[in-house]
Amino acid sequence: MSDDTTTAPSPPSEEGVRTAGFETPHEGVSDYVAERWRAVQAGELGSLPIILGLVVIVAVFGTLEDNFLTAQNFTNLLLQMAPIAFLSIGIIFILLIADGEVVTIDLSVAFVAGTGGTVLVLLQRPDDPGWPWWAAIIACLILTTVIGLVHALIITKLGVPSFVTTLAGFLVWSGVVLWLTLDFTDAGFVSIQDQTLIDISNKFFSDDWVGWVLALIVVGGYAVFQLNDVRSRRARGLGTRPMPIVLAQIAGVAVLLFAAVIVANRDRGIPLVTVILAVFLAFWTFVAAKTRFGRHIYAVGGSPEAARRAGISVDNIRIAVFMVNGFMAGVGGIVLVSRLRSTSSNIAGGNLLLEVIAAAVIGGVSLFGGSGRIVAAFYGALVITAIKNGMELMGLSSGFKFIITGIVLLLAVLIDSVSKRRRTMRGLA
Amino acid sequence: MTSDDGGGSPLLQCQGVSKSFGAVQAIYKVDFDVRAGEVMALVGDNGAGKSTLIKGIVGIYPFDEGEVYFDGAQVRIHGPKDAADLGIEVVYQDLALADNLDVVANMFLGREEISNGLVIDELAMEHRAQEVLESLSVTTLKSVRQVVAGLSGGQRQAVAVAKSIMWDSKLVILDEPTAALGVAQTRQVLDLVLRLAEQGFGVVIISHNLHDIFEVADRITVLRLGQRVAVFDKAATNQQEVVEAITAGDLAHVPGMEAAI
């Protein structure tokens, strides 16, 4: 890579100037595979660790526990992972803007979600004040987004590190949850009456055809997008991935989704909340990967100085990112209370915060900033929920569950650190 | 030895520019000019005022006195934005590239092209990035979709230079572009500098390496203790003469300051 040729550059020929400098890369399948393998060795692991991790989880729990690989447990997993995945999307945005060696983090995310969810439940109480479900949702989302804004202003304008600001937020918002649930309710518990709000995390598409139609829409959309990309790149004479690889990727997505639909349909069907999650993943992936805002988020995470010199307002990006995180905390809070059909004084407590951050890291988002995809929220939440679910089915003790979860998290961070080091070494070589 | 022997009107001309920081006179009544299609080297010992002059030109520390002309018209530059609008770009030593983004994303950072009002037009950007890199005959990059973290020092310099000439720029200022590079990569960057001048850009190169400067520069401006002590035509001078000017060039008397000779 690094030892550049000393020969003088060849003069560009009249025809084919386009390809004089840049050979169209990866035209053959074997070239592409070889190129990808080199990238993996150089520390660009992509989704590889997560795929291996899922294979190990399925193999281990599938062997040890008969109930793990069942249709019912599969739909349970989809329900259990949802709150973690929603919150993790927001946390991924936060991790992306990490400033070089200083991690940006939101330790308050779980209790902000708990606050939002509790406000939602209180507002929908019949006659007290009896807000319609949509108004309660809007109020919840505005509240958590504003909370994100407040955190962001303290961090960017007053210069308090995100770790400290959100540690304070952790205490404050856990206090608010206690105050709301204990002082405004009987016995620190309120159940949701509104059926729409309950449906969010409890409704299944029990008709088989709904799952198939949804899967077809996703696969079709993915295929159109990928093939269109290849076509327009070819039209411009730019290099593309080889067609067999593109088709294999589309086929892979189709097989996975159809398998998921078949399994889910053998139980209660595809959960509504999974469809909502897919919509949010698609939307935020679009924002992160295709818009100027997304590009600037990655730039701020890669080099704040480069971003600043390029005319990007680093502070504005950071504020917007904390607001996105606040918004997603609200969404996660709604999903959480809907799943529990209630709120209570211990909502959003326990390990939720750690599971959310762990999901992002396990999904492949770098703690060092600027690297990771939104879909990591899905992968990470799936892995961490599957481990938890498998250990619960096996009836392991709480202590043992903590130990295993901790080790998995450490492994994920180790993979991140080692692959970052390899990337850096290659850069300096 | 100060010469101003024709060869086209200057693209950038500074006349008698001064800048002081408190009691310290960083540069004093400096004349400096660059023509289009010319490589002007700016040399001098540490503290001679090279950086102050550059920062004055791009408006980071505007000059206290003196006049600046660009393309024949007098200009006032109050910040890097003004300089960029005129067509003056600086490639700083640290390059300021985002390691995690690919070459295309870096070249367009902050000025991404948009289609459909919202979506980044990756194809148009990739196409244009390749064109610019090819116009500079940068052939060592395998793909413009490579992440910058994986590039060598020379390749990074090439990307930073290509980025600087994308936006109708006319004058490119390179701050120590070869300082951290090996022999082969230095060669590449020097070729790049020559190609910039061939294409009609005015180029200012700051360097401590006289060997490099004699390879690429058309003229050499020497600063010493904040004053311009000489301008040489490369063809009519040698390294010995330039070194003497750097270390012992004649200084004017600065009011209020004892020139340390």
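**Chain A–chain B interface and the fold of chain B**

The rule finds four salt bridges across the interface of chain A and chain B, a salt bridge being a side-chain nitrogen of Lys or Arg within 4 Å of a carboxyl oxygen of Asp or Glu. This is a predicted model, in which local features need pLDDT of at least 70 and side-chain atom pairs count only at pLDDT 80 or more, while totals for chains, interfaces and linings use all residues. Residues are numbered from 1 along each chain as its sequence is written, chains are lettered from A in the order in which they are written, and side-chain values use heavy atoms, with hydrogens and water left out.

**Interface**
- Arg233(A) and Glu126(B) form a salt bridge through their side chains, at 2.7 Å from N to O.
- The contact (heavy atoms within 4.5 Å) takes 38 residues from chain A and 46 residues from chain B.

**Chain B**
- Chain B contains eight helices and twelve strands, where strands are DSSP runs of E of at least two residues.
- Its C-alpha atoms fill a box of roughly 60 × 40 × 35 Å along the principal axes.
- Among the 261 residues of chain B, 58% count as buried (under 20% relative accessible area, 1.4 Å probe, protein chains only).
- Of the contacts in chain B with a separation of 6 or more, 67% are between residues 24 or more positions apart.

How values were computed:
Helices (H or I, at least four residues) and strands (E, at least two) are DSSP runs, numbered from the N terminus. Buried means under 20% relative accessible area, exposed over 50%, partly exposed in between (1.4 Å probe, protein chains only).
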